[in-house]
Amino acid sequence: MDTPDSGSVVSKRSLRKKAGLRNYDENLMDELIEKHLGGAFKKRNRTKADLEKETETEAMIALSLGFPIDALLEEEIQARVVSELGGKEQNDYIVVRNHILARWRDNVRVWLSKGHVKETVSSEYEHLICSAYDFLLFNGYINFGVSPTFISHMPGEATEGSVIIVGAGLAGLAAARQLLSFGFKVIVLEGRNRSGGRVYTQKMDQGGKFAAVDLGGSVITGIHANPLGVLARQLSIPLHKVRDNCPLFKPDGAPVDKVIDSNVEIIFNKLLDKVTELRQIMGGFANDISLGSVLETLRQLYAVAKSTEERQLLDWHLANLEYANAGCLSELSAAYWDQDDPYEMGGDHCFLAGGNWRLIKALCEGVPILYGKTVNTIRYGNEGIEVIAGDQKFQADMVLCTVPLGVLKKRTIRFEPELPQRKLAAIERLGFGLLNKVAMVFPHVFWGEDIDTFGCLSEHSDSRGEFFLFYSYHTVSGGPVLVALVAGEAAQIFESTDPSILLHRVLRILRGIFSPKGIDVPNPIQTICTRWGSDPLSYGSYSHVRVQSSGSDYDILAESLGNQLFFAGEATNRQYPASMHGAFLSGLREASRIYRATRGRQNNLRKLTQRNVGPSSDLLLDLFKKPDLVLGNFSFIFDPSTEDPKSMGLMRITLGSGENSYTEESANNCLHSSNLPLQLYTVISREQAQELQLMTEGDESRLLYLMKNLGLKLMGLSALANVGSSLTASIASARRGRGRNRMSAGPQHIL
């Protein structure tokens, strides 16, 4: 559940410059890199000045991704990427590392191989290429995401052990995809009957048509270097910049005077600056002092915002601050509430066209997920891992817990043995607050096409967070959708208020603003009120640094136990908490940790014992008895519920049977000779199958085209179980006519 500036000082209304309507396309990153690098990456046959310019540009790209310009990350030092620190080898490594990062960011839709890097880096640095490439790959800096071309690079066999992931939110899905690509056997247990967790897009009826609205995480906060921006580029999904113009209205609906608005905004920002200055002068605040108490003391000391309108305006900014932190100012730590500011993602804040479910859907592709499995016990120790969900037990080598901090606080999952006191104390100290929404779809856009946000002041300070900010989703949802936000104390009261009363209050505010302008405000066609605090699978919205807590508690939550029990989620990410990208990055981080832990083990790992994780040979045999397409010895099966050219299916090729024969060259030396028919598989899109269908030269040409042009990798049945289990099950279910829509919201009321 992201905010316009989650983790920053405030949503920066000081930048309220006017901007025209436009779609912000992350593909502009390609143009930026192309412009600075002068086209394709060609380090050979370039002048010294060209190389120096490229090296400088690549260093800036690496810096935007969190790498120091002239030093190694602590993780790189621990990984021993160079034999000696501080010398020429380290400098050369940094140049190579930065080049690899920039090279992949130039085209995130294509898998970057070591061979590609060797084309543009001298062979004398081959050892540094291998060192940098392996570090970046296994730590999730390159070749991550949802590009369809990545599927063919999945390893043939699951050789690295087994992992159970608890939770199919952004953290769990990111980790699952990474671990599958590393060669792990993975299964995800999800308590809901949908994926996404606190990222949830609801389809709202607008009279036969549907509009998509995000009831949970909504804004991609800072597009520069944001991994969610990478996913959007891979899926060619346009992004809409959240425009800075945010007009404010008084409780009676009248526009706020611009001069007073500007003055109070300056006062608010100066108060926050004074908090920082005072903290530095005093060498830090005591950990039991709240941000709210310091701000109020300073307000009284400087005698600012004394008139009613000024105080209401200041309350609006304070509500916005509570929104950004999902917590009341009386609970936020004055010492550490903004500890993540130095790591804030740069660039515009954006909405994803069509809703964030498009990212979730793509991340689920090929990931084995069991829905309706609410985990109640996690056992870890010398006997391995056992996870209990209801009356079912699942065993594996390791488990990754990605449940929200609110669930950990409620202790609805029993850990055996109990978590260490150090971790339990951090769970207790950190804050986990609330943000709720009233989503409304109207017959038409009556609030104006030229704004994305507008705000309303409250008469009383104790209700300042109730419907203080409205988001317009009409540019990205496919319909006239308006969302009212509820933050701070008001968000808690909201949970127990009748939804019809809430709707009445929202409409009274809207009609107070627009009726005097002669604009009729119709009743909404459909309304949804979220209840994230009552949701038993979240118990809140997102984390913040509460009084008595600090940023180090995020690190404690992220600590693994015995290289068996791992933790991910936004509340385990000290640099990017309370954000969707923070959750995603934590999943990549834990996948890397699990990989390193497995590599460090000397004993034979136990294998995942849950049955039917992968497709059985009998099921595949039955499916291929009635293929959707046959081309010589090539057979194809697809999900009959969709005709999308990008939708994925399975292809089987039978070698060594019939009158066709294949040479070792045509099989790219990947097949062993045998007199028996050999059946190999790959995951393929309808679009790629159509390309093969257009070829008339025969099976040998199709095989060459499949491997060299499409870049697909053939695999045996056991390897297919690792990458195609979910797809196989989906096709079988659709053929039986039992497919069902798994999307449903958290606790909510629909009027």
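Q: Where does Ile69 lie?
A: This is a predicted model. Helix 2 covers 48–64 and helix 3 covers 74–79, and Ile69 has its place in the loop between helix 2 and helix 3.

Q: Which residues make the nonpolar surface patch of about 260 Å²?
A: Ile69, with 39% relative accessibility, clears the over 30% cut-off for patches. The patch of about 260 Å² is made by Ile69 together with Leu63 and Met60.

Q: Which helix supplies the largest share of the lining of the second largest pocket?
A: This pocket has a volume of about 1,500 Å³, and 46 residues line it, with Leu73, Glu75, Tyr141, Gln575 and Arg589 closest to its centre. Six helices each give at least two lining residues, namely helices 2, 3, 4, 6, 17 and 18. With eight residues, the largest share belongs to helix 18.

Q: How many charged residues are in the lining of the second largest pocket?
A: Split by class, the lining has 21 nonpolar and 13 polar residues. The charged residues number 12.

Q: How far apart in sequence are the parts that Glu76 and Arg97 tie together?
A: The two side chains meet in a salt bridge, with N to O at 2.9 Å. Glu76 sits in helix 3 and Arg97 in helix 4, so the pair links parts separated in sequence by 21 residues.

Q: What is the relative accessible area of Arg97?
A: Its salt-bridge partner is Glu76, which is buried at 0%. Arg97 is buried as well, and its relative accessible area is 0%.

Q: In the salt bridge of Asp244 and Lys241, which residue is buried?
A: The N to O distance here is 3.5 Å. Asp244 has 22% relative accessibility, so it counts as partly exposed. At 9%, the buried one is Lys241.

Q: Which residue forms a salt bridge with Glu559?
A: Glu559 is partly exposed, at 29% relative accessibility, and lies in the loop between helix 17 and strand 22. Its partner is in helix 14, so the bridge ties together parts 137 residues apart in sequence. The closest N and O atoms are 2.7 Å apart, and the partner is Arg422.

Q: How many salt bridges does the structure hold?
A: Some of them join up: Glu296, Arg299, Arg311, Asp315, Glu322 and Arg464 are linked in a network. For the structure, the count of salt bridges is 33.

Q: Which residues does a cis peptide bond join?
A: Most peptide bonds are trans. Here is a bond with omega of about 0°, and its proline lies in the loop between strand 14 and helix 14. The cis bond joins Glu416 and Pro417.

Q: What is phi of Phe467 near?
A: Phe467 is found in strand 18 and counts as buried at 1% relative accessibility. Most residues other than glycine have a negative phi. Phi of Phe467 is positive, near 55°.

Q: What is phi of Ala578 near?
A: Ala578 is in the loop between strand 22 and helix 18, and is buried at 6% relative accessible area. Its phi is positive too, near 60°.

Technical notes. Residues numbered from 1 in each chain as written. Predicted model: local features only at pLDDT ≥ 70, side-chain atom pairs only at ≥ 80, totals over all residues. Heavy atoms only, no water. 1 Å grid on protein atoms, 1.4 Å probe; cavity = no way out; pocket = protein on both sides within 12 Å on 5 of 7 lines; lining within 4 Å. Points joined across faces, edges and corners; volume = space filled by probe spheres on them. Helix = DSSP H or I, 4+ residues; strand = E, 2+ residues; numbered from the N terminus. Nonpolar A, V, L, I, M, F, W, Y, C, P; charged D, E, K, R; others polar. Patch = residues over 30% accessible without salt bridge, like charges linked within 9 Å, V, L, I, M, F, W, Y side chains within 5 Å. Areas by Shrake-Rupley, 256 points an atom, 1.4 Å probe, with all protein chains shown as cover. Salt bridge = Lys/Arg side-chain N within 4 Å of Asp/Glu carboxyl O. Buried < 20%, exposed > 50% of the residue type's maximum accessible area, 1.4 Å probe, protein only.
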